[in-house]
Amino acid sequence: MWVGCLRPRKDACLTDPVPDVPQWDEFERLNALGSYDILDTEREQAFDDVVQLIARICETPIAVVNLIDADRQWFKAEVGLGVRETPLATSFCAHALLLEDGMQVPDATVDPRFECNPLVTGDTHLRFYAGQLLKTQDGLPLGTLCVLDTQPRPEGLTEVQAMALRTLAGQVMSQLELRRTLIQRAKSEETTRRALAASNYVGAWDWDVPGDRIVADERFANIYGVDPKVAAQGAPLSAFLRNVHPDDAVRVEAEIDALMITGGAFLSEYRILHEENGERWIQARGHIYLNDEGAPVRFPGIATDITARRRQDAHLAEAVLQLADSEARFRSLADAMPQMVWSSPPDGHPDYYNARWYAFTGTTPGSSEGQGWDNLVHEDDRARGQTLWRQSLESGEPYEVEYRLKHHAGGYRWALARAEAARNEAGEITRWFGSCTDIDDLKRLEHERELVSQELSHRIKNIFAVVSALVALSARQHPEARDFATSLRTRINALARAHEFVRPHTETSQPAVGVTTLHAFFHDLFSAYADEKGQGRVLISGDDTVFDDQSATSVALLFHELATNAAKHGALSASRGRVNLNTRHEGDRFILSWRETGGPPINGAPTRNGFGSSLATLSVETQLGGRLEREWRPEGLQMVVDLPAAALSRRRAAGKSL
C-alpha cells in the first residue's frame with residue numbers, strides 16, 4: 001500500500017511527483033530499515049570506502065550512501081556534501097525508490113520532476129544524478145547508492161560506471177546485512193549470558209564412561225576446581241568429585257553407581273567446596289546412556305548453582321518453624337484464658353476460636369469458623385451484631401457489642417464481644433483479634449440493682465408525698481400556717497424532683513428531661529432553696545445552652561451536692577446568703593462558675609474531703625471529661641467547672657458527627 005510518505009512537498013514544483021505506484025508497503029519498508037539499526041550511527045570505514053571509490057570511478061564530486069527515513073534522507077556515508085541528512089522534500093532518491101532498480105537524471109534543469117528543486121536552482125547547482133537502489137532480500141527499497149554532479153551529462157554514465165554502481169550498491173547491502181547479523185549475534189549472546197546468569201547456570205559436561213574422560217566447559221571446571229585446559233581435553237571423574245563436600249560425596253557416588261546399571265535420567269543436589277566462594281550448592285542434571293549390551297557409554301549433563309534457593313529454603317523452613325512455634329504458644333495462651341478468644345483475617349470471617357469458645361457453646365471444634373458463629377447469637381441480637389461488625393471492618397475502628405450467646409447448658413447468656421485490628425507498617429489491617437466475655441451474671445446483678453434502685457426511689461417518692469400530704473393536712477387544720485405550709489410543700493416537691501436526678505440510675509431508668517436548656521434545669525433544681533417570698537437564692541446568669549438527659553445525672557449530682565453543702569454550712573445557711581452561678585462559652589469549652597457570698601466566714605479548706613465532694617469530682621472529671629477547681633475564700637466557696645461544650649448535649653454532638 002502506498003501511503004505517500006515519500007511524495008515531495010508541493011513547493012518542490014513537481015509536475016509528475018509519482019510516476020509509478022510502488023508494490024511495497026511503506027510501513028513494512030520503514031520496519032525493515034529499522035531492523036538494520038543503522039540510522040544516526042557513526043561513520044564506518046567500510047561505507048566511506050565505497051562512496052570514495054564510486055565517486056572516483058564515476059568522476060563525480062558527490063557520492064552518497066543514502067537511506068530514506070519517514071521524513072528525511074540520512075547519509076551513512078558521503079563525499080562532497082558535508083552534511084549527514086537533508087529534508088525528504090528535496091530528495092532525488094525518493095523518486096528513485098519508486099522505480100525498479102534506480103534512475104539517472106542527465107540534466108535536472110530540463111526534467112519536470114526537479115526543475116524547481118532548491119538543490120537545482122540554488123547554490124548547490126546540481127545537474128546530474130544517478131542512483132542504484134539498496135534493496136532487501138524481500139525487495140523492499142531502503143535507499144540508494146548515488147552519485148551527483150554539478151554539470152549535466154546528456155550521455156549519462158558509461159557502461160563500466162553503471163556496472164560499478166550496481167556492483168558497489170550490492171556491496172553496500174552486503175555490508176548492511178553483515179552488520180545486522182553481527183548486531184543480532186551480539187544481542188543473542190548478551191541475552192544468552194543474562195539467561196544463564198538468571199538461571200545460575202554453572203556449566204556442562206560430557207563423560208566418556210568407558211574411557212573415564214569428562215570433557216567440561218570453563219565455568220564447570222572452575223567451580224569444581226579443575227584446570228579449564230585439562231577439563232577441555234578431558235579428566236577422570238575423580239578429579240571432579242574431589243571438591244564435593246565429604247558429607248555428600250558417598251551419596252553422590254552411590255547415585256551414579258546405581259544409574260550405571262539401569263541408565264536413565266540423573267538428578268542430584270550436593271555441596272561443592274570452592275576455594276574462593278566457599279560452600280556452594282549444586283544441582284546436577286544429566287542422562288546416562290547404555291549400549292546394546294547394557295553397559296554405560298555416555299553421561300552428558302549440566303549443573304546449576306542453587307545456593308540461593310537452598311538458603312531461601314532453609315530460611316523459609318526456619319520461618320515456618322518459628323511461625324508454628326509462635327502459633328502453638330498463642331493457642332496455648334488463648335486456651336488458658338478465661339475469655340473466649342477468636343481471630344479473623346481482614347475479610348471478617350473468623351478462622352480461629354479457642355477451646356473456651358467451644359466449651360461455652362458446646363459446638364464441635366471448627367464448626368464456628370467462617371459465618372458459623374452467626375447461628376449461635378440470639379436472633380434478636382444477630383442483626384445488630386452483624387451491622388456493627390461490618391462497620392468495624394469498613395472503618396478499622398474497634399468492635400464492641402453485647403449480645404446473647406447460646407450456652408451449652410441450653411438457653412442463652414449475655415456476652416460482651418470486643419475486637420481490635422492488627423496492622424502492618426503501611427497501616428493495612430492484617431488480622432482481627434477478638435474476645436467474648438460472659439457478662440450474664442453482671443447483667444443479672446445490674447438488673448437486680450435497678451429493681452432495688454427503683455424500689456428505693458419509689459419509697460422515697462412516697463415519703464415525700466406523705467410528708468407533703470401531712471403538711472397540707474396540717475395547713476387545713478391550722479389556717480394561720482397556710483402560707484408557711486405552701487412554701488414548705490413547694491420545697492419538698494422541688495427536693496423530690498432533684499432526687500429523681502441524683503439517685504443511681506441504669507440505662508433504662510435514666511430521668512427523661514428531654515432536651516431543655518441548662519438554665520431551665522438549674523431553676524428547677526434550685527427552686528427548693530428559695531427564700532420565704534419564693535425568690536431564688538441561687539442567681540443564674542450568663543450564656544445558656546442546650547442540655548439533655550444524658551448529662552442530667554452528672555450535672556445534678558454536682559450542683560445538688562453544692563447546694564446541699566451551701567444550705568448546711570455555706571451561703572444558703574444564712575438568710576442573707578446568696579450564690580451566683582455564671583455560665584459562659586469559651587471556644588469549644590463551657591465554663592460554670594459557682595460563687596457563694598453572705599454566709600459564715602471560712603477559715604480555710606476542709607481538712608478532708610467527704611463522700612459528696614469526691615462524688616462531685618468524679619462526676620466532672622470522669623463522666624463529663626472536664627476539670628474542677630475549688631477556692632475556699634473567707635467570703636465563701638468559689639468553684640470553676642471547665643467542661644467540653646459537647647458534654648452537656650451528647651445526643652446533639654453525636655448527631656453532628658454522623
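Biologist: Ala, Val, Leu, Ile, Met, Phe, Trp, Tyr, Cys and Pro count as nonpolar, Asp, Glu, Lys and Arg as charged, and the others, Gly among them, as polar. By class, what is in the lining of the second largest cavity?

Modeller: Ten nonpolar residues, with no polar and no charged ones. Remember that this is a predicted model: local features need pLDDT of at least 70, side-chain atom pairs count only at 80 or more, and totals for chains, interfaces and linings use all residues. Residues are numbered from 1 along each chain as its sequence is written, and side-chain values use heavy atoms, without hydrogens and water.

Biologist: Which residues line that second largest cavity?

Modeller: W342, P350, Y353, W357, W373, W389, Y399, Y403, A417 and C436. About 90 Å³ of space lies inside the second largest cavity.

Biologist: What counts as a cavity?

Modeller: On a 1 Å grid over the protein atoms alone, a 1.4 Å probe fits at a cavity's points but cannot get out; a pocket is an open set with protein on both sides within 12 Å along at least five of seven lines; lining residues have an atom within 4 Å of a point. Volume is the space filled by probe spheres on the points, joined across faces, edges and corners.

Biologist: How many cavities of 30 Å³ or more turn up?

Modeller: Two, from a search of the whole structure. The largest cavity holds about 170 Å³. Its lining has 14 residues, and W205, F220, L237, I256 and Y270 lie nearest the centre. By class, that lining has 14 nonpolar residues, no polar and no charged.

Biologist: Which element gives the most to the lining of the largest cavity?

Modeller: Helix α8 does, with three residues. At least two residues each come from β7 (201-208), α8 (237-241), α9 (246-262) and β9 (264-274). Helices (H or I, at least four residues) and strands (E, at least two) are DSSP runs, numbered from the N terminus.

Biologist: What does the protein's pLDDT average?

Modeller: It averages 81, and 83% of the residues score at least 70. pLDDT is the predictor's confidence in each residue, from 0 to 100. Over residues 1-19 it stays under 50, and over 652-658 it is below 50 too. Where pLDDT is low, predicted coordinates should not be read in detail.

Definitions and conventions: Contact means heavy atoms within 4.5 Å.
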